[in-house]
Amino acid sequence: MPYIPQLVLCTLILVAGVAGWTWGPVAPWALVLLLPLPHLIVLSGRNLGGAGSFRMGALVTTVGRFSGAFAFALLVLCCGWVQWLRESLGARLDLEGWPEANFIWVIFPYLIFEVLNIDAQSRASCAVGPGRLSWRGFHLRMFASTLIPPATYLTIAVLVGSNRWLRVQVEQVELVSAVVFVALIGGLAVYLPALFKASWRTHELPPGRLRTGFEEISKSVRFSSRKVLVWDTGQMMANAAIVGLLPSRRVVILSDALLSDLDEDELKAVYSHEVGHSHHHHVPVFLAWSVGVFLLADFALRAFDPTNAIAVLGIMGAFLAAWGLAFGWMSRRFELQADLFAMRVLGSGRPLVSALEKIEGTLRDKATWRHFGGLRRAHFLDECAQDPAGALRFEQKLKRVSQVGYAICVFGLVAELGLMAQGLPEDRTWAALGLGDYPSAQERVERIANPDPSLERMVKRTLDVEVAVGTSADSLARAWSRWQERDLKAAADWASMAYLQGNLKAYLIVEILEFLGGEEPLRESLNPARLPSPWRVELIVALSAARQ
Ligand SMILES: [Zn+2]
């Protein structure tokens with residue numbers, strides 16, 4: 001996924017732009033002026049290098065890899081792109097609530113700039129001819145495949161947000177939101193091979209000695225996959241992977257550069273290494289640990305119930321850091337275990353080590369987050385060959401790590417499901433209020449032994465409502481007339497109701513009414529200018545009176 005840093009940068013720019021951290025005039029036509037920017041940056045990096053300014057050239061080339069995001073930043077942060085879209089489309093385009101389909105227009109220029117950047121890069125790295133064409137094709141497909149997971153997520157979020165019933169269920173009923181989340185992740189895990197295949201150029205490994213050799217290895221260790229695919233990268237990447245979780249859908253992928261650089265024994269070693277990952281269930285162990293850590297973070301948040309955003313971010317950040325350390329530690333050792341598996345399958349560690357040598361150039365002792373250096377991996381195989389008991393101890397240790405991961409995951413899931421089931425009757429009552437189905441809310445709250453006092457009070461307010469289905473406009477009108485009667489509590493409750501029913505701005509009214517009623521302190525960042533009319537004028541006056 002080579003375009004992840006660019007996508008992260010693009011997301012940060014998007015968030016900053018939508019949140020209003022912009023300066024400069026509204027100048028959407030700047031989009032046209034910015035189109036040549038990626039070529040200018042990237043090609044001047046190449047020309048500087050060509051003219052002998054190597055250090056400057058290298059710097060500009062590095063910056064040039066982000067030229068797409070850079071042009072996007074200028075458009076969004078200095079040329080009012082989001083502001084212009086809001087005015088011309090009449091769109092909300094904010095970070096509250098569910099994303100709108102209109103977000104595609106915010107992102108659209110970035111897609112153009114990144115494609116132009118890829119074209120510029122292809123011109124900087126290859127001479128005219130088929131080499132340049134295949135470089136460009138390969139990188140465009142890589143970029144497209146990096147877009148798949150966020151695009152899937154956004155599409156589903158837009159669909160959920162635009163369906164009233166589904167939106168209220170996901171917002172109010174924890175069990176439903178958990179089911180949607182799990183279905184999304186599970187669906188991606190199952191369909192990822194198909195999605196990648198759609199964006200990468202692959203073909204099945206043709207029958208022959210190599211394929212027969214792979215099939216024999218698979219049979220001897222009872223590994224099954226749908227097929228072995230050759231990934232056509234224009235000889236640009238030497239890589240292998242297993243994609244997909246289910247045996248009936250997973251595929252082993254070997255890149256073209258790997259196939260042409262390595263000999264038959266080395267390829268068998270790489271294939272066995274990949275099979276070793278599956279044999280030892282490395283992906284399920286990672287998943288179990290990830291789910292487990294995520295659920296523990298959720299429990300920590302429930303237990304401490306921090307009210308300010310910094311504390312929430314702090315807790316999430318601490319868990320994310322712990323997960324990152326644990327993931328790196330496990331990943332490096334799982335690679336060793338897959339190496340060991342390959343050595344056992346082939347009866348020798350030699351082919352794998354020479355494959356590593358060819359891939360790395362020379363064996364180095366430089367570890368990354370996910371892999372040890374080739375030198376360490378070669379030493380490890382030597383040690384295991386001389387000390388089989390030590391190898392067994394190593395594998396025992398990893399087995400315990402896996403078991404702990406599964407245990408945390410199962411414990412977390414059971415506890416989480418328990419909590420969700422416990423909260424289900426209340427959640428469904430909140431959801432009924434959110435849908436404006438007051439009779440059903442009244443009926444449900446009767447059946448709860450000790451309902452949340454605020455829920456009980458809100459349901460009670462609906463008893464004298466005659467309409468069958470409440471809407472947010474209707475609830476906000478009720479809040480307004482209670483406010484005119486200076487019944488702050490009732491007004492706040494009806495404004496909360498409007499918020500539950502989908503009017504996001506009603507939450508500002510709730511916050512101010514609760515402050516005026518002496519219940520809650522006022523949030524520093526609250527901006528009363530964003531209040532809907534006719535509330536704006538009256539609440540601003542009331543606020544300044546209360547502050548004196
Ligand atoms: Zn591996």
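Predicted model: local features only at pLDDT ≥ 70, side-chain atom pairs only at ≥ 80, totals over all residues.

**Stop 1: the whole chain**

Zoom out first. The chain has 24 helices and four strands. Along the principal axes, its C-alpha atoms fill a box of roughly 85 × 60 × 40 Å. There are 548 residues, and 30% of them count as buried. What share of the contacts between residues at least 6 apart in sequence join residues at least 24 apart? The figure is 64%.

**Stop 2: the domains**

Now colour by domain. Select 4–162 for domain 1, 202–386 for domain 2 and 471–547 for domain 3. Taken over C-alpha atoms, the centres of domain 2 and domain 3 are separated by 55 Å.

**Stop 3: helix α19**

Next, select residues 438–446, which make up helix α19. Show the side chains of Y438, A441, R444 and V445: these are buried. Where do the buried residues of α19 fall when you look down its axis? They sit within an arc of 125°, so they line one face of the helix. Here's a handy rule: an α-helix has 3.6 residues a turn, so residues three or four places apart point the same way.

**Stop 4: two loops with a positive phi**

Head to L93, in the loop between α6 (81–89) and α7 (103–125). L93 isn't a glycine, yet its phi is positive, near 45°. Is L93 buried or partly exposed? It's partly exposed, with 18 other C-beta atoms within 10 Å.

Then jump to Q235, in the loop between β2 (227–231) and β3 (240–243). Q235 is another residue other than glycine with a positive phi, near 60°. Q235 counts as partly exposed too, with 17 C-beta neighbours inside 10 Å.

**Stop 5: a cis peptide bond**

For the last stop, select S533 and P534 and look at the peptide bond from one to the other: it's cis, with omega near 5°. Which two helices does the loop holding P534 lie between? They are α23 (506–516) and α24 (535–547).

Technical notes. Residues numbered from 1 in each chain as written. Domains from an automatic or database assignment. Buried ≥ 20, exposed ≤ 12 C-beta atoms within 10 Å, placed from the backbone. Arc of directions from axis to C-beta. Contact = placed C-beta atoms within 7 Å.
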